[in-house]
Amino acid sequence: MKYVDEYRDESAVRRVLDDIRLSIKGSWTIMEICGGQTHNLVRFGIDEMLPKEIELVHGPGCPVCVTPLELIDKAIALAARPDVIFTSYGDMLRVPGSREDLFAVKARGGQVRIVYSPLDAVKLAKENPNKTVVFFAIGFETTAPANAMAVVQARQLGLKNFAVLVSHVTVPPAITAILSSPASRVRGFLAAGHVCTVMGYWEYEPLAEQFGVPIVVTGFEPLDLAEGIRQCLLQLEAGKHQVVNAYARSVRREGNRAAQDIIRRVFEPCDRAWRGIGLIPMSGYRLRDEFGDMDAEGRFPEVQAIAVQENPVCISGLVLQGLKKPHECPAFGKECTPQHPLGATMVSSEGACAAYFKYRALG
Amino acid sequence: MCLGIPGKIVEKFEIEGRQMGKVDFGGVIKETCLDFVPEAKVGDYCIIHVGFALNILDEQEAMETLDLFRQMDELAQEVELAEIPDLQ
């Protein structure tokens, strides 16, 4: 497959890693933001092929991981209603709420449907005028334009039976939160290639300047990941802190304007709680007032009161901030496994704990 | 979650006011919304995420990046040769 195979060339990856070994002298800690990158770094063993002085810590860029437990419980409460068809991307269905997951609701006869595209949820609403179709609108900036388009499409079709449960988060405020923590060890970042495909990378330039950290826009294939790491380390060795685009075939500085426009039309920034981390100011999107009638929490106000407590043993908040590694948790691979996850990062295949469990046989 | 897969546009059409297309992922064809890439043509490669094309992949940039790796490879081979005295 063009644009994939050539970036999985093992000898090219080894060459980039060799260059890192030859040219990097210092000890550095860098963070990849995106859970998809975490998954591939661990899957292809790239983190283990780096010199031991280079540490990769895994960031909070896994929307399934950072969606608050109470929102999962709200989704479950909505899905259990006989007058609702609940629609979601597949990854959310097995995320445990405080008592059960969406699969359990489905098994009991609840109408829970996996959709590939949010437009599929709009189509379901059109075909089922006697039910309210609720779509679980989660994700980072990559997913926000698609979810926004579903809202616009439902409005244009005049559908009154479509609503969204919104849990959108954005990357730059999370980087600010991580770097503002006095405990942070992160000296450089790999920025998420597909978030930047939508948003561009101009937003990261003031962050690199303010915190003195290099930020390298990085793709997802092994060669992209190795090169992103190399570019970040070269800057650290040279005492530089610039934003560099190492995923130029996909990312332009200004991003995709049409996609940004629809995000701005439908959503506005708001404070948002991240599972395992807590509230990060202005780190999410909510529906603008103009589309407020499609807010599922407004449509079914009984779910607004749902509040829950996280499991106190779980250290996923520290893992998501790069302060701990998964296997440093006493529950890792014991009480906490992908089949019985205690917390956010064991839930999704893109969570750092799940990736370590699957590929490192540490369990 | 932010998984995006490159695919090639093989057909363009319109449904309910949305620009849509059929996109080929190495043999698997899926329907995709092209509203965010209005300039896209049949034959262009895009990154597809949850049924939406997010960009048009830049072939020129892709070639330049791959050239860079090739040069790195050649340079490394020259260094290796220089390090083996028998071949001098």
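In this predicted model, chain A holds an open sheet of 6 strands with mixed pairing, in the order β4-β3-β5-β6-β11-β10. The edge positions belong to β4 (112-114) and β10 of chain A; each has a single partner strand, so one side of each lacks a neighbour in the sheet. On average, neighbouring strands of this sheet are turned by 25° against each other, direction ignored.

- The pairing of β10(A) with β11(A) is antiparallel and extends over 7 bridges.
- Within that part of the structure, W274(A) has G278(A), in β11(A), as its bridge partner.
- Helix α5 (residues 69-79) of chain A packs on the sheet, where it touches β3 (84-88), β4, β5 (132-139) and β6 (162-169) of chain A.
- The direction of α5 makes about 140° with that of β3(A).

**A parallel strand pair in chain A**

- Strand β1 (residues 28-34) of chain A runs parallel to β2(A), and 6 bridges join the two.
- E32(A) has H58(A), in β2(A), standing opposite.
- Strand β2 (residues 54-61) of chain A is largely enclosed by the rest of the structure, because 7 of its 8 residues are buried.

**Helix α13 of chain A**

- The buried residues in α13(A) include A259(A), I262(A), I263(A) and V266(A).
- Viewed down the axis of α13(A), the buried residues fall within an arc of 105°, so they line one face of the helix.
- The partners against which the buried residues of α13(A) pack are α8, α10, β10 (267-274) and β11 (278-287) of chain A.

**Contact between the chains**

- The interface brings 44 residues of chain A into contact with 31 residues of chain B.
- On the chain A side, the elements giving two or more residues are α1 (10-23), α2 (35-43), α4 (63-66), α7 (118-127), α8 (144-156), α10 (193-199) and α13 (257-266).
- The largest share of that side, 5 residues, comes from α8(A).
- Sorted by class, the side of chain A that touches chain B comprises 24 nonpolar, 12 polar and 8 charged residues.

**Chain B**

- Chain B has 1 helix and 5 strands, and from the N terminus on its elements follow the order β-β-β-β-β-α.
- Chain B has 88 residues, of which 34% count as buried.
- Among the contacts in chain B with a separation of 6 or more, 27% are between residues 24 or more positions apart.

**Positive phi values in chain B**

- E16(B) is a residue other than glycine with a positive phi, near 45°.
- The loop between β1 (5-15) and β2 (18-25) of chain B is the place of E16(B).
- E16(B) is exposed, since 12 other C-beta atoms lie within 10 Å.
- V50(B), which is not a glycine either, has a positive phi of about 40°.
- The loop that contains V50(B) lies between β4 (45-49) and β5 (52-53) of chain B.
- V50(B) counts as buried because it has 26 C-beta neighbours inside 10 Å.

**Nonpolar core and selected residues**

- The largest nonpolar core has 145 residues; A75(A), F189(A), A191(A) and C46(B) touch the most other members.
- With neighbours within four places in sequence left aside, A191(A) is in contact with I33(A), C196(A), Y201(A), Y204(A), I215(A), V216(A), V217(A) and T218(A).
- Helix α4 of chain A contains V66(A), which is buried, with 30 other C-beta atoms within 10 Å.
- Beyond the neighbours within four places in sequence, the contacts of V66(A) are P60(A), V169(A), W274(A), R275(A), G276(A), I277(A), L320(A) and A344(A).
- V66(A) and E221(A) are 155 residues apart along the chain, and their C-alpha atoms are separated by 24 Å.

Conventions:
Residues are numbered from 1 along each chain as its sequence is written. Chains are lettered from A and ligands numbered from 1 in the order in which they are written. This is a predicted model: local features need pLDDT of at least 70, side-chain atom pairs count only at pLDDT 80 or more; totals for chains, interfaces and linings use all residues. Two residues are in contact if their C-beta atoms, placed from the backbone, lie within 7 Å. Helices (H or I, at least four residues) and strands (E, at least two) are DSSP runs, numbered from the N terminus. Ala, Val, Leu, Ile, Met, Phe, Trp, Tyr, Cys and Pro count as nonpolar, Asp, Glu, Lys and Arg as charged, and the others, Gly among them, as polar. A residue is buried if 20 or more other C-beta atoms lie within 10 Å of its own, exposed if 12 or fewer, and partly exposed in between; C-beta atoms are placed from the backbone. Two strands pair if DSSP finds at least two bridges between them. The arc is that of the directions from the helix axis to the C-beta atoms. Axes are lines fitted to C-alpha atoms, for helices over the stretch in contact, and angles run from 0 to 180 degrees between N-to-C directions. A nonpolar core is a set of buried Ala, Val, Leu, Ile, Met, Phe, Trp, Tyr and Cys residues joined through C-beta atoms within 7 Å.
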